[in-house]
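Please look over the structure below before reading on.

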Amino acid sequence: MKKGILFVTGGFRPELHGGSIQISHLIKSLQKNFNTFVLSSSKIYDTSLFDITDKLNIFRLKKDNNFFLRIFNILKMIIFFFLIRKKISIIHFRGFTIKVILLILLGKIFRKKIIYSPTRYLEDDIYTLKKNSFFYFFIKKIDLLLCISPIFFSGKNLFVKKVFEFQYLPNFVDLNIYKFKKKKFHKNLNILFIGFFSKVKNPQLVYNAWKKIKNSNTKLTFIGRKSFDYYLSDSKIYDQIYNDAKKNNLLKRIKFVDQTNKITKYFNSCDIFVLPSKTEGMPNALLEAMASGLVPIVLKISNLYSDIIIDKFNGLILKKNSIDELSITLNKLINDKRRLNQISLNARKTIEKKFDLTIYLAKIKNVYNKLC
């Protein structure tokens, strides 16, 4: 009989964002070896019990601020867990929310193994959770801390090596989806930003640096929701960028894409990927962009990208959150086709060597089998 895993995550399909798309790829790849279930929270979608889509057993809880509906959601979650309790042996949390506490408690009562994967530095990493003694009490009950980036067990999180059983297993890319085709770089480049509009994602840096590029034919593409019901989202930032572009007659050179299920189309048509986020975990969009041959530029966040980007080899690292530094970097790249080609090739090779889905699957199956 197959062993069972309950994945507990935030948004999940049909919601479109990096985390939900990646975990759906993972679950489909694991189904030959494991029975899989998904417990998801959403402000849009809801299921009375199960939603079986593409052979995925999904249970969604619709988020609501109404007290009575929240209590009802808790009861629904308990019933759901009780119904599948004999079919699972592992609960794998991706990110921390309040529901994690109840599920850890249920998991311990029914003797399930528990894995926790932090997703964003300074938001749900152990260092941040430790500041709340109540949260930390429950998170210490897990059996394995599965870290997607070195930042989750080094620096401020260095103490986890002494307190937790942990393993490093970075995110992955399905190279059958994100294929590489050698780009024909020219001076009229297309710069890509992916992420919702927020201070954390920092799209203003990309826009303001792009405005200072000397080549007036360079284009800019934003992919991300303009209005997103999430505490970090800020639609005013989109308004500021749009109004400034309109004022300066730049809208013909900018494309705003609210969301898309054809992300590979944009990876194929763009040349440079800029990730100016002030905090991240291990960004799926960065790995996918590199797999597709885009030249990545990231803003330095502690040692977050130490296992992905080697500066000036397979990408570029901005030392400061500086418009001038980014614009200078972009201007230099635009005039150096040879360098663009070399970084693009190196970026793809990095993904093939370290972040391929097939490599990840072998390791994650080993993790689950050892715990069961």
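## Salt bridges and their surroundings

Glu 123 has a relative accessible area of 25% and is therefore partly exposed; buried means under 20% relative accessible area, exposed over 50%, and partly exposed in between (1.4 Å probe, protein chains only). The model is predicted, so local features need pLDDT of at least 70 and side-chain atom pairs count only at pLDDT 80 or more, while totals for chains, interfaces and linings use all residues. Residues are numbered from 1 along each chain as its sequence is written, and side-chain values use heavy atoms, with hydrogens and water left out.

Side chains of opposite charge can pair when their charged atoms come close. Here a salt bridge is a side-chain nitrogen of Lys or Arg within 4 Å of a carboxyl oxygen of Asp or Glu. By this rule the count is nine salt bridges. The table lists some of them.

| Pair | N to O distance |
|---|---|
| Glu 123 and Arg 120 | 3.0 Å |
| Lys 108 and Asp 143 | 3.6 Å |
| Asp 324 and Lys 212 | 2.4 Å |

The last pair links distant parts of the chain, 112 residues apart: Asp 324 is in helix H11 (residues 323–334), and Lys 212 is in the loop between helix H7 (203–211) and strand E10 (219–223). Helices (H or I, at least four residues) and strands (E, at least two) are DSSP runs, numbered from the N terminus. Asp 324 is partly exposed at 42% relative accessible area, and Lys 212 is partly exposed at 44%.

Lys 108 is partly exposed at 35%, and Asp 143 is partly exposed at 22%.

## A positive patch

Lys 219, Lys 255, Lys 262 and Lys 265 form a positive surface patch. Patches are made of residues with over 30% relative accessible area and no salt bridge, and like charges are joined within 9 Å. Lys 255 lies in strand E11 (residues 254–257) and is partly exposed, at 44% relative accessibility.

## A buried tyrosine

Tyr 136 is found in helix H5 (residues 133–139). Its relative accessible area is 11%, so Tyr 136 is buried. Leaving out residues up to four places away in sequence, Tyr 136 touches Ile 126, Leu 129, Lys 130, Phe 159, Val 163 and Phe 164, where contact means heavy atoms within 4.5 Å. The C-alpha atoms of Tyr 136 and Ile 74 are separated by 21 Å, and the two residues are 62 residues apart along the chain.

Methods: Patches are made of residues with over 30% relative accessible area and no salt bridge: like charges are joined within 9 Å, nonpolar side chains (Val, Leu, Ile, Met, Phe, Trp, Tyr) within 5 Å. Accessible areas come from the Shrake-Rupley method with a 1.4 Å probe; for residues, only the protein chains shown count as cover. Lys and Arg count as positive and Asp and Glu as negative; His and the chain ends are not counted. The place of a charge is taken as NZ of Lys, CZ of Arg, CG of Asp or CD of Glu.
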